[in-house]
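Hi everyone, thanks for making time today. I'd like to walk you through one structure, a piece at a time, and you are welcome to follow along on the screen.

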Amino acid sequence: IRCWSNIPFITVPLSRAHGKSFAHRSELKHAKRIVVKLGSAVVTRGDECGLALGRLASIVEQVSMLQNQGREMMIVTSGAVAFGKQRLRHEILLSQSVRQALHSGQSQLKDMAIPVLEARACAAAGQSGLMALYEAMFTQYSICAAQILVTNLDFHDEQKRRNLNGTLHELLRMNIVPIINTNDAVVPPPEPNSDLQGVNVISVKDNDSLAARLAVEMKTDLLIVLSDVEGLFDSPPGSDDAKLIDIFYPGDQQSVTFGTKSRVGMGGMEAKVKAALWALQGGTSVVIANGTHPKISGHVITDIVEGKKVGTFFSEVKPAGPTVEQQAEMARAGGRTLAALQPEQRAEIIYRLADLLTDQREEILFANKKDLEEAENKGRLALPLLKRLSLSTSKLNSLAIGLRQIAASSQDSVGRVIRRTRIAKDLDLEQVTVPIGVLLVIFESRPDCLPQVSALAIASGNGLLLKGGKEAAHSNQILHHLTQEALSIYGVRDAVQLVNTREEVEDLCRLDKLIDLIIPRGSSQLVRNIQKAAKGIPVMGHSEGICHVYVDMDASVEKVTRIIRDSKCEYPAACNALETLLIHRDLLRTPLFDQIIDMLRVEQVKIHAGPKFASYLTFSPSEVKSLRTEYGDLECCIEVVDSVQEAVEHIHKYGSSHTDVIITENEKTAEFFLQHVDSACVFWNASTRFSDGYRFGLGAEVGISTSRIHARGPVGIEGLLTTKWLLRGDNHVVSDFSEHGSMKYLHESLPLPQRNSS
């Protein structure tokens, strides 16, 4: 607990030895001392006269929040010139209007000419107002702010440097936010090309260099430079090929072309990069980001400190492998080469991968054993997740069989003609299947998912990015190695990439220009998080698997317990396992009902009573907290319904549109259920566990989709394809088909080419 002015506040335990900058974005959350540099374009309005008050208030709120977490925040701000310019213009207009009124008896404001205002005078007039504004804003968060004005000479004089250092340390000790600015009222004109004066000295000619100098002097952990561009680009922003640089390393500046400086202020991007590299050399991490964008400015500072992928991060540690952006580009190029192969060649790759799964069984199981031991030692995985993490000989054999099914069924998946139309004479149109592009599959505790999804991506000619959970790192590594070994027989090993960097899932979901479809495989929470984080990228999947089995009054005694046992107990952690059992009211207190309850008890299934079921019992099991619960374990809810119609209504209200089953011998009732339940999979007298790509004959699945667009249910090869239109003509133009043209539309359906029966 720290105290200031008798107000206690909790501090975050943040500390590290200064001298070396953070190597990765994920470490920024440990930053204790932070300098935020606000560029002129961030602080001022678009007309350069006056301050952007809403933006400034948002920045103050973020700085205050971090300060109240126990961090030591400092602000290097511009804006005094703009604020002073606004005040002086107002004063001049007022003065001129008074003079004109005295001399001419009337005001002619529209004819007044505003003289060019000298920047030093504007700074002198604006400093006090700017500081008053900061003080008023910080007061809202019970934080005190203090102003410090500096010039280049203050850093060259040893005594002044010590004084400045001591003042800043004392202010930080008292939980005061120092607001620092160059004293533009007295500062001399900047010298050209004087940003760097050697290894250990940087001249203070603008607020970029001031922020860098201050950050190093104060042994700051992090310097955040906010401007009016997203960060550093490999060519001037706005040019056709400009790409945002996620991480910038010393020495990379030779490959960057700098554009012009911002609309206001002294320094351009080149000055910012020089200042950032100087600060980095002094042990301070740097991020350059956009502080003006309305969608992100309200949380840009906190996002950076949380380690999110915002702006350009400067790092001295260059990773051994490619960045995730480079991996996505490699996957796209590899996917296009893969799609151009003959179907037999793609199938051969998958057959080879299936063989490797059995041939390299011992190595795979050894790597999986290491994952299981680490997970058990750390105790971070629940039992259902440990089961998903575990591989076995039988699982690998099943995987190999599934992969061979994919290979056999993929012969005519890509490039298949699904529609042919003769538009006019010698003008034929075809609709053909093509890959979606680059898929991002994110999966938890499911190493068996990697070869399944890889095989489906290979069969459909898609590039693939895989992001597995840390708990399966060893298993994923060897399975990916085997996948690339299989791909290498036709030189397309880059088509499937395993993301091993510290990339957060939320950051991956922002790569909308590189990724075409995201497929999450894991918990409902993971799926919901990805659906929320995805920015402009479609997400295929389901957030929950709340599957129902309805036991009708005409159900067969022999079938009921077998189907319920298999649906709930065969693999309770699966998304297609039974979660809610609906029983027709007439079956209560019958031998069939007793058999169901006895079987569930023998299987050690914990029963939760639905509200209606509980009302029929004197001593009931614990009443369910929610009828929308996915247990993922040996637990289920039992509820009573009066009819098949009520069962359908219950499923629509509380289900997740995944898989729902009816058990009945009444065909009419069964057909009503099959036609009216609006779920991806609806079964009659069969276990919910059949909702699976392998069991459907798809070979494997990338997941089960409850979406209503593109693919629904278990998604195999077909769900990873889209279409394109091919039009073959001979000097055709639309004007020929006008009212007085020489041609007429035919729109005749043409027969499709024969599919490959093999």
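Let me start with a definition: contact here means heavy atoms within 4.5 Å. Please keep in mind that this is a predicted model, where local features need pLDDT of at least 70, side-chain atom pairs count only at pLDDT 80 or more, and totals for chains, interfaces and linings use all residues. Residues are numbered from 1 along each chain as its sequence is written, and side-chain values use heavy atoms, with hydrogens and water left out.

With that in hand, which residues does Lys 308 touch, not counting residues up to four places away in sequence? They are Arg 25, Asp 303, Glu 506, Asp 507 and Arg 510. Lys 308 sits in the loop between α9 and β10 (312-314). Those element names come from DSSP runs, numbered from the N terminus: helices are H or I with at least four residues, strands are E with at least two. Glu 504 is 196 residues from Lys 308 in sequence, yet their C-alpha atoms are 7.5 Å apart in space. Lys 308 counts as partly exposed because its relative accessibility is 21%. For the cut-offs, buried means under 20% relative accessible area, exposed over 50%, and partly exposed in between, using a 1.4 Å probe and protein chains only.

Now the overall picture. The protein has 23 helices and 26 strands, and buried residues make up 52% of its 758 residues. Take the contacts with a separation of 6 or more: 74% of them are between residues 24 or more positions apart.

Next, the largest pocket, which holds about 1,800 Å³ of space. Of its 47 lining residues, those closest to the centre are Leu 244, Lys 309, Glu 325, Arg 510 and Leu 511. Grid points are joined across faces, edges and corners, and the volume is the space filled by probe spheres set on the points. Which element gives the most to this lining? That is α18, with 5 residues. By class, the lining has 18 nonpolar, 9 polar and 20 charged residues. Here Ala, Val, Leu, Ile, Met, Phe, Trp, Tyr, Cys and Pro count as nonpolar, Asp, Glu, Lys and Arg as charged, and the others, Gly among them, as polar.

The expected span is 1.5 Å times one less than the number of residues. Among the buried residues of α11 are Ile 349, Ile 350, Leu 353, Leu 356 and Leu 357. Their cover includes α10 (324-340), α12 (361-378), α14 (393-409), α15 (449-460) and α16 (473-487).

Helix α19 (residues 557-569) reaches 19 Å from its first C-alpha to its last, close to the 18 Å expected for 13 residues. Its buried residues include Val 560, Ile 563, Ile 564 and Ser 567. The elements covering the buried residues of α19 include β17, β18 (578-584), α20 (591-602), β20 (635-641) and β21.

Then there is His 650, in helix α22. It is buried because its relative accessible area is 8%. Leaving out residues up to four places away in sequence, His 650 touches His 548, Thr 580, Leu 582, Leu 627, Glu 639 and Gly 655.

Finally, a pair of backbone cases. Most residues other than glycine have a negative phi. Ser 657, however, has a positive phi near 60°, and Asn 731 has one near 65°. Are they buried or exposed? Ser 657 counts as buried because its relative accessibility is 19%, while Asn 731 counts as exposed because its value is 72%. Ser 657 lies in the loop between α22 (644-654) and β21 (659-663); Asn 731 is in the loop between β25 (721-728) and β26 (748-749).

Methods
1 Å grid on protein atoms, 1.4 Å probe; cavity = no way out; pocket = protein on both sides within 12 Å on 5 of 7 lines; lining within 4 Å.
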